[in-house]
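Here's a quick tour of salt bridges, pockets and surface features. Have the viewer open and follow along.

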Amino acid sequence: MPSSEVAIITGAASGIGRALAKHYAHRGVRSVIGTFPGDPHDPEETLRLVEEAGGIAVIHEVDVRTTESVDAFAERALTEFGRLDYAVANAGILRNSPLNELSDDLWNDMLNVDLTGVLRTLRAGSQRMHDGGALVAVSSIAGGVYGWEEHAHYAAAKAGVLGLVRSVAVELGPRGIRANAVIPGLIETPQSLDPVNSLGPEGLKRAGKDIPWGRVGTPQEVADVIGFLTSHAARYVTGQSLIVDGGLTVKMRA
Ligand code: NAD
């Protein structure tokens, strides 16, 4: 039987967010597809995949750097579908900067998206959610598990996401609202395919050989775990962070 549930997903015009919209379409969960107009990704392609899977979604422009924009985004779930069950703070940026060049501005710009943007999304979502909903934030093995040279600001934001999620889980537990994080490993998306700020195609191929699973992950492999965390099957799971990395972080290196 199709579900009547509704989700908001930031950063859903590409990568993991797009794959999550597709996951929800298969489950009958209706989505508000968050798209950031500053990026070249095509939200219509996400909508096409949703409709191909028999799902329902609307596209909404959102910039997680402002509370006003995120509040309007979450509100769209109510005006369009009359309810909100799941809020997924997936939007993120990745920038490379050696510590010596990591100015206050670069630091603040990063945290404004990757940490405060997550707070804005979880806050706006939970305020509009009926009791019994679920929140998920996307962290990273960079910061969530490891350090990463020349990415201190990104790692700090992604580590901060974990403390944020744990505290929100404790605070919203009495309302029956769960909050969890996923910690993706190396996943092939526009972010990781960027050779300047991340590994790029060649770097991903090389790194994949050292992962126990033998390759980097797909966006769908992360999205399906977010789907699990926003499902009845995870109804007693809250305040947790689930690593999705093909075994990368448990492999001992001599
Ligand atoms: P992606 O670049 O395809 O997705 C990020 C999305 O965030 C994009 O659609 C982008 O437009 C959006 N975005 C950027 N700035 C925004 C803003 N100010 N407001 C709203 N949206 C904005 O890459 P992805 O890998 O799918 O990233 C999704 C999440 O996964 C990010 O939080 C990222 O840090 C995290 N992550 C990715 C990997 C990986 O290997 N790809 C690993 C760990 C964590």
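## Lys251 and its partner

Lys251 has a relative accessible area of 31%, so it counts as partly exposed. This is a predicted model, by the way, so every value here is computed from predicted coordinates. The partner of Lys251 is Asp210: the two form a salt bridge, and their closest N and O atoms sit 2.8 Å apart. Because Lys251 belongs to the segment after strand E7 (241-244) and Asp210 to the loop between H8 and helix H9 (219-229), the pair ties together parts that are 41 residues apart in sequence. Asp210 is partly exposed as well, with a relative accessible area of 34%.

There's also a network to look at: salt bridges with shared partners join Glu45, Arg48 and Glu52.

## Other salt bridges

How many salt bridges does the count come to? The tally is 11 salt bridges. The general idea is that side chains of opposite charge can pair when their charged atoms come close.

Take Arg76 and Glu80, whose closest N and O atoms are 3.0 Å apart in a salt bridge. Both residues lie in helix H3 (residues 67-81), 4 residues apart, which is about one turn of the helix. Arg76 is partly exposed at 23% relative accessibility, and Glu80 is partly exposed at 37%.

Then there's the salt bridge between the side chains of Arg83 and Asp85, at 2.6 Å from N to O. Is Asp85 buried or exposed? With 3% relative accessibility, Asp85 falls under the 20% cut-off, so Asp85 counts as buried. Arg83, at 28% relative accessibility, counts as partly exposed.

## The largest pocket

Now for the open space. The largest pocket has a volume of about 1200 Å³, and 49 residues line it. If you want to centre your view there, Gly92, Ile93, Leu94, Thr189 and Gln191 are the lining residues that lie nearest the pocket's centre.

Which helix gives the most to the lining of the largest pocket? That would be H1, with 3 residues. Several elements supply at least two lining residues each: helix H1 (15-27), strand E2 (30-35), helix H4 (104-114), H6, H7 and helix H8 (200-209). Sorted by class, the pocket lining holds 23 nonpolar, 19 polar and 7 charged residues.

## A nonpolar patch on the surface

Last stop: the outside. Val145, Tyr146 and Ile243 form a nonpolar surface patch, and together they have about 230 Å² of accessible area.

Where does Tyr146 lie? Look in the loop between helix H6 (141-144) and helix H7 (152-172). Tyr146 has a relative accessible area of 34%, so it's partly exposed.

Technical notes:
Residues numbered from 1 in each chain as written. Predicted model: local features only at pLDDT ≥ 70, side-chain atom pairs only at ≥ 80, totals over all residues. Heavy atoms only, no water. Patch = residues over 30% accessible without salt bridge, like charges linked within 9 Å, V, L, I, M, F, W, Y side chains within 5 Å. Areas by Shrake-Rupley, 256 points an atom, 1.4 Å probe, with all protein chains shown as cover. Salt bridge = Lys/Arg side-chain N within 4 Å of Asp/Glu carboxyl O. Buried < 20%, exposed > 50% of the residue type's maximum accessible area, 1.4 Å probe, protein only. 1 Å grid on protein atoms, 1.4 Å probe; cavity = no way out; pocket = protein on both sides within 12 Å on 5 of 7 lines; lining within 4 Å. Points joined across faces, edges and corners; volume = space filled by probe spheres on them. Nonpolar A, V, L, I, M, F, W, Y, C, P; charged D, E, K, R; others polar.
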